[in-house]
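This report goes through one protein chain, from its overall make-up to selected contacts between side chains. The sequence and the structure are shown first.

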Amino acid sequence: MRALTGKVVLALSGLMMASPAFAEGYERDPAAGWDHLWREIVIDITVIGVIFSVAAIYMVWKYRAKSDDEVGRGPKLSPAAALAWALIPASIFMADDFFLSAKGWTLWNDYRRIPDEAKEIRVTAYQWYWEFDYGDDLVSEELVVKKGEPVVLRMTSEDVLHSLYIPEFRVKEDVMPGRVTYVWFNPKRTGEFVETCTEYCGTAHAEMYTTVRVVEEAEYEQFINELKEEARAANSVKSQS
Ligand SMILES: [Cu+2]
């Protein structure tokens, strides 16, 4: 009985440590997955490219024409051998393609699955700026998020088509009038990053960028308090007039 109790306690504490609330921050991170997949693709195409280039150069050299009245001297292959030479390398290529596609598809689904813990920020795009709504009428033109807390941006446009792009978090999604689209990301390190529009939206499209600040919790609270102060000041001006 005591052994059983011990096991249950161990299993429970393991579960608690594994749950996001007890870890250092939220764990799932599609951005890291995209980077990993990208490196894998680059390595694969490099290896395949080098092997096939070396083989091609070798055969061009080996079977070259050695006198003016020759047109090269390729080996005579049986139909079965010719077919095998075409199909076997192609199958190796295709197997790798399917493998990488399957990984990409899995990652895409992860990229679209919003964590339950995600902090929601509503985004409105205008010609030519972004507005971030943190809830309770707290609005800013700067995106500030807490390190280690996943964020979901619910986005729409008040005028034309825009597209939100944050290279650091590997997220990009169209932002359209009359529709709400989303991206989510997991900011794992503090710093200042670029958020910009990647859909041509008129004269000042090139100026439609802003900063994403990933900050520690205390700094985040301070930012929210400043927004509250601004909102209060704006309201008192309104009520006086
Ligand atoms: Cu734009």
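## Salt bridges between loops

A salt bridge is taken here as a side-chain nitrogen of Lys or Arg within 4 Å of a carboxyl oxygen of Asp or Glu. In this predicted model, Glu168 and Arg189 form such a pair, with their closest N and O atoms 3.2 Å apart. The pair links distant parts of the chain, since Glu168 lies in the loop between β6 (162-166) and β7 (171-175) and Arg189 in the loop between β8 and β9 (191-197), 21 residues apart. Glu168 counts as partly exposed because its relative accessibility is 26%, and Arg189, at 48% relative accessibility, also counts as partly exposed.

## Overall make-up

The secondary structure of the chain comes to four helices and 10 strands, which follow one another along the sequence in the pattern α-α-α-β-β-β-β-β-β-β-β-β-β-α. Of the 241 residues of the chain, 32% count as buried. Among the contacts in the chain with a separation of 6 or more, 65% are accounted for by residues 24 or more positions apart. The chain exposes about 15,900 Å², and carbon and sulfur atoms supply 61% of that area.

## Helix α4 and its packing

Helix α4 (residues 217-240) has 24 residues and reaches 35 Å from its first C-alpha to its last, close to the 34 Å expected at 1.5 Å a residue. Within α4, Tyr220, Phe223, Ile224 and Leu227 are buried, and the buried residues of this helix pack against β1 (119-126), β3 (139-140), β4 (143-146) and β10 (209-215).

Arg154 forms a salt bridge with Glu120, with the closest N and O atoms 3.2 Å apart. This pair likewise links distant parts of the chain, with Arg154 in strand β5 (residues 151-157) and Glu120 in strand β1, 34 residues apart. Arg154 is partly exposed, with a relative accessible area of 29%, and Glu120 is partly exposed at 39%.

Tyr182, in strand β8 (residues 181-185), is 28 residues from Arg154 in sequence, yet their C-alpha atoms are 4.6 Å apart in space. Leaving aside residues up to four places away in sequence, Tyr182 touches Arg112, Ile114, Val152, Leu153, Arg154, Met155 and Glu173. A polar atom of the Tyr182 side chain lies 2.6 Å from the backbone oxygen of Arg112.

## Further ion pairs and a nonpolar patch

The structure holds 15 salt bridges, and Arg28, Asp110 and Arg113 are linked in a network of such bridges.

On the surface, Ile43, Val47, Ile51, Phe52, Phe93, Met94 and Phe98 form a nonpolar patch, with about 680 Å² of accessible area together. Helices α2 (30-62) and α3 (79-112) each supply at least two residues of the patch, and α2 gives the most, with four residues. Phe98 lies in helix α3 and counts as exposed because its relative accessibility is 56%, where exposed means over 50%.

Terms used: Residues numbered from 1 in each chain as written. Predicted model: local features only at pLDDT ≥ 70, side-chain atom pairs only at ≥ 80, totals over all residues. Heavy atoms only, no water. Expected span 1.5 Å × (residues − 1). Buried < 20%, exposed > 50% of the residue type's maximum accessible area, 1.4 Å probe, protein only. Contact = heavy atoms within 4.5 Å. Areas by Shrake-Rupley, 256 points an atom, 1.4 Å probe, with all protein chains shown as cover. Patch = residues over 30% accessible without salt bridge, like charges linked within 9 Å, V, L, I, M, F, W, Y side chains within 5 Å. Polar contact = N/O pair within 3.5 Å; in protein donor to acceptor, adjacent residues only side chain to side chain.
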